[in-house]
Amino acid sequence: MILKFLRLLRILTVFTRYGLDEIAVTSINAPRTARLMNTFFFWRRITSPRAIRLRQALEELGPIFVKFGQVLSTRRDLVPPDIADELALLQDRVPPFGSDLAVAQITRSLGAHPDELFARFDREPVASASIAQVHFAQLRDGKEVAVKVLRPGMKKLIDEDMALMRLAASLIERVWGEARRLKPREVVAEFDKYLHDELDLMREAANASQLRRNFAGSSLLMVPEMYWDYCSSSVIVMERMYGIPISQIDRLAAAGVDLKKLSSDGVEIFFTQVFRDGFFHADMHPGNILVSTAPETLGRYIALDFGIVGTLNDFDKDYLSQNFLAFFRRDYKRVAEAHIESGWAPQNTRVDELEAAVRACCEPIFDRPLKDISFGQVLLRLFQTSRRFNVEVQPQLVLLQKTLLNIEGLGRQLDPDLDLWKTAKPYLERWMTEQVGWKGLTERLRAEAPRYAQIFPQLPRLVYQVLERESKGQLAHPNVPNADMLAMVLIEQRRTNRMLAFLTCLAAGFGMGLVALYLL
């Protein structure tokens with residue numbers, strides 16, 4: 001309890017020194033309270049902009065708060081643009097922990113000292129992040145590997161700081177009415193989930209394995225192999241990857257990498273992950289991407305750090321594909337209709353008003369190279385439009401928005417003249433044809449054939465049971481208010497029965513055809 005109190009006192013001290021109380025008071029538009037706070041803390045001199053002070057305070061409070069700032073920087077629907085831009089500068093440049101602690105963590109997790117497990121283990125880390133750090137090593141069979149080691153004591157520290165964050169979020173909601181729309185408790189809960197997912201390095205290893213399998217045989221993306229005999233929840237060992245960081249444009253050009261192709265390949269990788277797999281790397285900042293310079297794989301992307309991935313279900317993919325295609329075709333009415341049909345905009349929303357708002361956001365960016373547009377600004381305007389029309393920002397799309405901003409930054413560096421829309425449109429149209437056209441129908445029927453083979457023989461019995469219950473009056477529901485309503489229910493049920501009977505007759509021949517198709 002004393003330690004928690006001391007940690008809380010430390011947080012409050014840092015917040016006060018950097019004037020974060022002034023940021024909060026200004027945000028809730030309480031000038032009297034602001035003057036009172038400035039009088040009480042007369043000794044401090046605040047000169048830096050609020051966004052810079054917030055970033056500096058988070059850096060001083062340590063890895064957990066740095067990570068929180070990174071996550072918060074992606075929520076442009078929740079925080080002002082100046083703060084989001086400044087928090088986006090937070091990088092995983094956290095001081096490394098001692099090599100003795102890393103050795104002890106490996107020994108405890110894998111059951112043997114690194115000198116016994118590896119032919120060589122480099123004590124000096126090559127990278128240090130808020131959650132873990134990386135050392136290079138060599139296996140006994142000569143394979144070069146990278147060893148990722150979780151920071152010791154992270155779970156205890158995270159649990160303590162998250163408890164304080166939850167308390168702060170609850171207090172903010174009570175004293176600030178606008179906070180209910182910003183949902184601070186939900187933001188903290190989302191951050192808590194991300195952190196605990198990253199604490200389990202086996203989850204990261206599994207993510208990498210899935211992404212590697214998705215791009216097996218691909219000429220676009222390389223993913224390191226995981227060595228499962230050396231993996232645990234706090235230590236993972238993976239294939240060492242060689243390449244040039246994607247942010248080092250001059251070195252890439254000197255190595256003979258086609259930067260224009262690299263830029264368009266990045267767009268294709270993004271859309272492949274999102275629309276084909278529904279599973280995407282959600283932390284694609286330049287520090288996590290290398291470019292291969294080996295002759296046989298020259299110019300191929302190399303992905304690293306798989307602690308944060310995003311997933312999309314079929315509904316999300318269908319929604320996104322319809323919206324992207326409608327954007328590409330400038331069919332803003334379809335964009336508005338898709339939002340309402342999905343339930344993300346209220347049903348009483350006027351289509352024409354939402355259409356006009358979306359047009360105002362997106363029309364200025366078409367037919368312009370990437371150097372002349374900013375997806376960050378477009379997303380910001382879309383978020384403002386969302387608030388106006390009470391459109392709910394879906395949690396599963398937050399990571400996608402963050403990834404799209406990362407893609408924008410990479411594309412701007414590699415090929416400022418890239419036309420993202422023209423590059424992405426053919427791929428997206430091809431994907432839609434495969435999903436909605438005959439090819440997509442055939443593939444789905446083939447995938448569902450085993451299930452159909454089990455269901456169709458049961459249809460006659462199921463229809464008979466429904467008809468039997470109806471004849472015995474067992475379909476009446478105790479909550480049906482009156483006889484008229486009951487009659488309507490029975491009429492609708494008879495229609496359903498006739499449809500089931502028709503499907504049963506059709507299924508007798510069609511089902512055998514599907515089974516035959518599946519067996520081909």
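Of the 520 residues in the protein chain, 46% count as buried, where buried means under 20% relative accessible area, exposed means over 50%, and partly exposed is anything in between, computed with a 1.4 Å probe and protein chains only. Before I go further, please keep in mind that this is a predicted model, in which local features need pLDDT of at least 70 and side-chain atom pairs count only at pLDDT 80 or more, while totals for chains, interfaces and linings use all residues. Residues are numbered from 1 along each chain as its sequence is written, and side-chain values use heavy atoms, with hydrogens and water left out.

Let me start with the overall layout. The protein chain has 23 helices and eleven strands, these being DSSP runs numbered from the N terminus, with helices (H or I) of at least four residues and strands (E) of at least two. Its accessible surface comes to about 27,400 Å², and 57% of that belongs to carbon and sulfur atoms; the areas come from the Shrake-Rupley method with a 1.4 Å probe, and for residues only the protein chains shown count as cover. Among contacts with a separation of 6 or more, 68% are between residues 24 or more positions apart, a contact being heavy atoms within 4.5 Å.

Leu6 sits in helix α1, residues 2-17, and is partly exposed at a relative accessible area of 46%.

Under "binding site", the unreviewed entry lists Val126, Ala127, Ser128, Ala129, Ser130, Ile131, Ala132, Gln133, Val134 and Lys148. Although these positions are spread over 23 residues of sequence, they cluster in space, with a largest C-alpha distance of 14.4 Å.

Which residues does Ile131 touch, if we do not count those up to four places away in sequence? They are Lys67, Leu150, Arg151, Met154, Ile158, Leu195, Glu198 and Leu199. Ile131 itself lies in the loop between β2 and β3 and is buried at 6% relative accessibility; Ala129 is also found in the loop between β2 (127-128) and β3 (132-138).

Asp192 is placed in helix α11, residues 184-199, and is buried, with a relative accessible area of 16%. Leaving aside neighbours within four places in sequence, Asp192 is in contact with Met162 and Arg166, and its side chain makes a polar contact with the side chain of Arg166 at 3.0 Å. A polar contact is a pair of N or O atoms within 3.5 Å; within protein, one must be able to donate a hydrogen and the other to accept it, and residues adjacent in sequence count only if both atoms are side-chain atoms.

Finally, the salt bridges, each defined as a side-chain nitrogen of Lys or Arg within 4 Å of a carboxyl oxygen of Asp or Glu. A search of the whole structure finds 20 of them. In one, Asp415 pairs with Lys260, with the closest N and O atoms 3.2 Å apart. Asp415 lies in the loop between α19 (395-414) and α20 (420-436) and Lys260 in helix α14 (residues 259-277), so this pair ties together parts that are 155 residues apart in sequence. Asp415 is buried at 7% relative accessibility, whereas Lys260 is exposed at 51%.

A salt bridge within a helix is the one between Glu355 and Arg359, at 2.8 Å between the closest N and O atoms; both residues lie in helix α17, four residues apart, or about one turn of the helix. Glu355 is buried at 16%, while Arg359 is partly exposed at 34%. Elsewhere, salt bridges that share partners join Arg120, Asp122, Glu144 and Arg240 into one network.

Conventions. UniProt positions renumbered as here; feature names shortened; annotations may be inferred.
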